[in-house]
Amino acid sequence: MSKFATAKINAIAPYVPGEQPRDKRYVKLNTNENPYYTAQKAVNAISESVVKSLNRYSDPECKPLVKVVADYYGVGEENVLITNGSDEALAFCFQAYGSCGVCYPDVTYGFYDVFANMYDCPAEHIALNEDFSVDETKYFAAKKTVVLANPNAQTGKALSLSQIEQILINNRENIVIIDQAYVDFGENCNVIPLIKRYKNIVAVNTFSKSRSLAGGRIGFIVADKELICDLNKVKYSFHPYNVNTLSMLLAKNAIKDDEYFLLTVSKIKKTREELCRGLKDMNFEVVPSSANFVLAKTDKVDGGKLYELLKEKGVLVRHFSDERIKDYIRITIGTDGEMKALIDALVEIMEEYQ
Ligand SMILES: *Cc1c(COP(=O)(O)O)cnc(C)c1O
């Protein structure tokens, strides 16, 4: 670091993304990407004439994509804001609504702490229950901005819509941000329909996980139109052309290919249940998941060691050193072949550790 950086930048601990190794081919189960390719209909939308038009700026309002997203979810175009991945959406939210303070679970998406530091939002960590579920009553009358990933990052556990509604009812004077990165892998927990009844909810969504577009960097916010106005102020004070032309087209056509979306999501959910059974057969403790990953542990090898041993065998999973989940590894749901490679590697490892 240089002598020129501000004190704040010197002090900041940035987000550390999961490894994207280039040294060899791994079975890559560490960053919750979708194992299935981007929808072919989306890929086909990128014609030569589209690429040639890149001499022009992208549409700052993302009009065609906003329309498709609004229609798909049954909301108005004035309720939608497209972002460069949902990380950017979250950054806008912390900037717009964070200075009064933010609160979120002690085990959740690591980026919330980074944004809180970066945008000077006093942060409170609220403990999850022993079984990693969220006690919704701990968020009632929060008097600050509530941020909840639902299903939650790292644990995969989800609150029901009625629990979220209780949080909304008990926080009329502050914003509740629901990060829905994994919502399509859960059961009936999408909060988008609630934006019509509650003026204090911001639903943050992404194309990265369930829509196989992590590299396209597309996220979107759905909220009451006044909140969208606030968030647009942040956007236009930072980067008016925040979404590039190619990704906009990819996302627009991906959302139109509902058949592929439903097929791949249901396949991932089925594979998840098979993986959970396989792990339990090997005496792993598995946290029931509504996401595209599972958290699992064994009392034979600690989480950090298991991560290392799997990596040696060419299987990449995620390990977190946070006290409450350090015994676990987080496994992204892959293809059947990838899940077999994982189980085979675990069988070999467990033979040594009986
Ligand atoms: C993956 C993830 C994101 C970020 O997704 P992008 O849209 O790729 O920026 C946000 N929140 C949670 C909880 C995630 O797991």
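This is a predicted model: local features need pLDDT of at least 70, side-chain atom pairs count only at pLDDT 80 or more; totals for chains, interfaces and linings use all residues.
Trainee: At what angle do helix 11 and helix 12 pack, and how far apart are their axes?

Mentor: Angles of 65 to 115 degrees count as roughly perpendicular. Here helix 11 (residues 303–312) and helix 12 (residues 336–352) pack at about 115 degrees, with axes 10 Å apart. The two helices are therefore roughly perpendicular to each other, and their crossing is right-handed.

Trainee: Which residues make that contact?

Mentor: Helix 11 contributes Leu-306, Leu-309 and Leu-310, while helix 12 contributes Leu-342, Ala-345, Leu-346 and Ile-349. Sorted by class, the contact has 7 nonpolar residues, with no polar and no charged ones.

Trainee: Where do helix 5 and helix 8 stand on angle and axis distance?

Mentor: The axes of helix 5 (residues 85–97) and helix 8 (residues 225–236) cross at roughly 105 degrees and come within 9 Å. That makes helix 5 roughly perpendicular to helix 8.

Trainee: Which residues meet there, in helix 5 and in helix 8?

Mentor: From helix 5 come Phe-92, Cys-93, Gln-95, Ala-96 and Tyr-97; they meet Leu-227, Asp-230, Leu-231, Val-234 and Lys-235 of helix 8. By class this contact has 7 nonpolar, 1 polar and 2 charged residues.

Trainee: Which residues are around the ligand?

Mentor: Among them are Gly-85, Ser-86, Asp-87, Tyr-109, Asp-179, Tyr-182 and Lys-209. Thr-206, Ser-208 and Arg-217 also belong to the set. For polar contacts, look for N or O pairs within 3.5 Å. A polar side-chain atom of Thr-206 lies 2.5 Å from a ligand oxygen atom. For Ser-208 the corresponding distance to a ligand oxygen atom is 2.6 Å, and for Arg-217 it is 2.7 Å.

Conventions
Residues are numbered from 1 along each chain as its sequence is written. Side-chain values use heavy atoms; hydrogens and water are left out. Axes are lines fitted to C-alpha atoms, for helices over the stretch in contact, and angles run from 0 to 180 degrees between N-to-C directions. Helices (H or I, at least four residues) and strands (E, at least two) are DSSP runs, numbered from the N terminus. Angles under 35 degrees count as roughly parallel, over 145 as roughly antiparallel, 65 to 115 as roughly perpendicular and the rest as oblique. A crossing is left-handed if the near helix is turned anticlockwise from the far one by less than a right angle, and right-handed if clockwise. Contact means heavy atoms within 4.5 Å. Ala, Val, Leu, Ile, Met, Phe, Trp, Tyr, Cys and Pro count as nonpolar, Asp, Glu, Lys and Arg as charged, and the others, Gly among them, as polar. A residue is near a molecule or strand if one of its heavy atoms lies within 4 Å of it. A polar contact is a pair of N or O atoms within 3.5 Å; within protein, one must be able to donate a hydrogen and the other to accept it, and residues adjacent in sequence count only if both atoms are side-chain atoms.
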